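Good morning, and thank you for making the time. Please have the model open as I speak.

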Amino acid sequence: MVLDSGDTAWMLVAGSLVLLMIPALGLFESGLLRKKNAASIFMQIFFGLALLSVMWFVFGFSISFGPSTQGLVGNMDWVFLKGVPSDAPLEQYAPTIPGVLFVKFQLMFAAITPLLLTGTIAERMKFSSFIIFIAAWSMLIYYPLVHWVWGGGWLAQLGVVDFAGGIVIHTSVGMAALAAALVLGKRRNYGPAIMIPHSIPLAVLGSSLLWLGWFGFNAGSALSASGGVAGNTVIVTHMASSVSALIWAGLSWIRTGKPSVVATINGAIAGLAGITPASGFVSAEHAFVIGIAIGVISYSGVVLFKEKLHIDDALDVSSVHGVAGIVGALAIGIFASTAINPGGVDGLLFGNPDQLWIQAVGVGVAAAMGFGGTWILMQVIKHLIGIRVSPEVEDIGLDISEHAESAYSDEEEFMLSMDEYTEDLQEKDEILFKKKKSDSAKK
């Protein structure tokens, strides 16, 4: 097929919008955390962006989208993007844009997906363990799921559809967040006192940029500016996010007597995550209904996981992404219509009740991969090098102890924190020296 200049221009913009979401995620998360850990979040996200980009270029794209091996994994024909055209399309995926541009767009998804888990492991995971974790998680969980659903693998052959990542991304990440939180354990002094955001304006700025970037995330997944799919996706995405934000604001007002800014921005993100899988298949009217369901059920997820079960998923990734993504993925089986997207599927309301159970299979597989795979991976890292910083490091904050930097230029406070950290190290060295001396004397 002939490359389309309009489609190519749109996908250049869409990929850049998704890239914008990655630093926006850092602003959102750091604002909601304590000041002493703000810089560590940005380090995790920017280092992760670089590492995951290189992995995608070297072998990730080939494993995910390369010609299928028994529907389980792509082959290695496209390592280092060998054979991926720059002046012709990969017709089976995006027939009107250059092949390398499709790689770039999917690269942004491959980068941001594991980085969503920074909101779960925040304030207590060792940076060295984090590097191993996101690399292994991508290879063992994300790449296979991409191939199974988007790369022509066995779930795609079964009929599972996922427009922009509710199954592949949000369900897997949300369930991974639960497993990671359980293995890591609660932060020290877990309770309301450590959950006070240090900068709500920073979090609002981050959520606003995420909302903007999400139009590239969802509408870009149409892989074309032609026809009505991309345009419909934009309004559907915005509608669901707005409705979910109102639901979270209202529920927080009812439960606490005050409407919460933090709840409202989390509700908006939940709406964006939840509508993602269905955004290219449903009408704006149905997006309104789906947005209500996403808002109510994801807010209830926070109440269940954090308040009832006391699971320390620091920024509620399991609910805001996981629960919301599951709702949206299942909604495809009810509300999807080929009148909206001729290349999609019909759901229950349009004469195809089987699509609901097919979507449920996809959700179940992603949930099992996300939770089970993450549990095993975290346990392996825990026993090899440890996954959690020491109590002393956690008290001082990861900014100083892990990176010797501070997010805010308060020189006196910085030097006091460094002195405290140095004293802790010296004390540990003295204890170790005395122990070795005692052991030597006994021998």
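**Loop residues and helix packing**

Leu 223 has a relative accessibility of 15% and therefore counts as buried, where buried means under 20% relative accessible area, exposed means over 50%, and partly exposed lies in between, with a 1.4 Å probe and protein chains only. Before I continue, please note that this is a predicted model, in which local features need pLDDT of at least 70 and side-chain atom pairs count only at pLDDT 80 or more, while totals for chains, interfaces and linings use all residues. Residues are numbered from 1 along each chain as its sequence is written, and side-chain values use heavy atoms, with hydrogens and water left out.

Leu 223 sits in the loop between helix 8 and helix 9; helices here are DSSP runs of H or I with at least four residues, strands are runs of E with at least two, and both are numbered from the N terminus. The phi angle of Leu 223 is near 60 degrees, a positive value in a residue that is not glycine.

Is Asn 189 buried or exposed? With 61% relative accessibility, Asn 189 counts as exposed.

The axes of helix 8 and helix 9 come within 9 Å and cross at roughly 135 degrees; axes are lines fitted to C-alpha atoms, for helices over the stretch in contact, and angles run from 0 to 180 degrees between N-to-C directions. Helix 8 is therefore oblique to helix 9, given that angles under 35 degrees count as roughly parallel, over 145 as roughly antiparallel, 65 to 115 as roughly perpendicular, and the rest as oblique.

The next pair is helix 10, residues 261-275, and helix 12, residues 317-335, which pack at an angle of about 40 degrees with their axes 7 Å apart. Helix 10 and helix 12 are therefore oblique to each other, and their crossing is right-handed. The contact draws on Asn 266, Ile 269, Ala 270, Ala 273 and Gly 274 of helix 10, and on Val 320, His 321, Ala 324, Gly 325 and Gly 328 of helix 12. By class, the residues of the contact between helix 10 and helix 12 are 5 nonpolar, 5 polar and no charged.

How much of helix 10 is buried? Helix 10 is mostly covered, with 12 of its 15 residues buried. Those buried residues pack against helix 1, helix 7, helix 8, helix 9, helix 11 and helix 12. Helix 12 is likewise mostly covered, with 16 of its 19 residues buried.

Within helix 10, Asn 266 counts as buried because its relative accessibility is 6%. Not counting residues up to four places away in sequence, Asn 266 touches Phe 28, Leu 32, Trp 248 and Val 320.

I close with two further positions. Asp 312, in the loop between helix 11 and helix 12, is buried, with a relative accessible area of 1%. Leaving aside neighbours within four places in sequence, Asp 312 is in contact with Thr 120, Arg 124, Ala 181, Gly 185, Lys 186, Arg 187 and Tyr 190. Pro 23, by contrast, lies in helix 1 and is partly exposed, at 27% relative accessible area. With neighbours within four places in sequence left aside, Pro 23 is in contact with Phe 42 and Phe 46.

Notes: Left-handed = near helix turned anticlockwise from the far one by under 90°. Contact = heavy atoms within 4.5 Å. Nonpolar A, V, L, I, M, F, W, Y, C, P; charged D, E, K, R; others polar.
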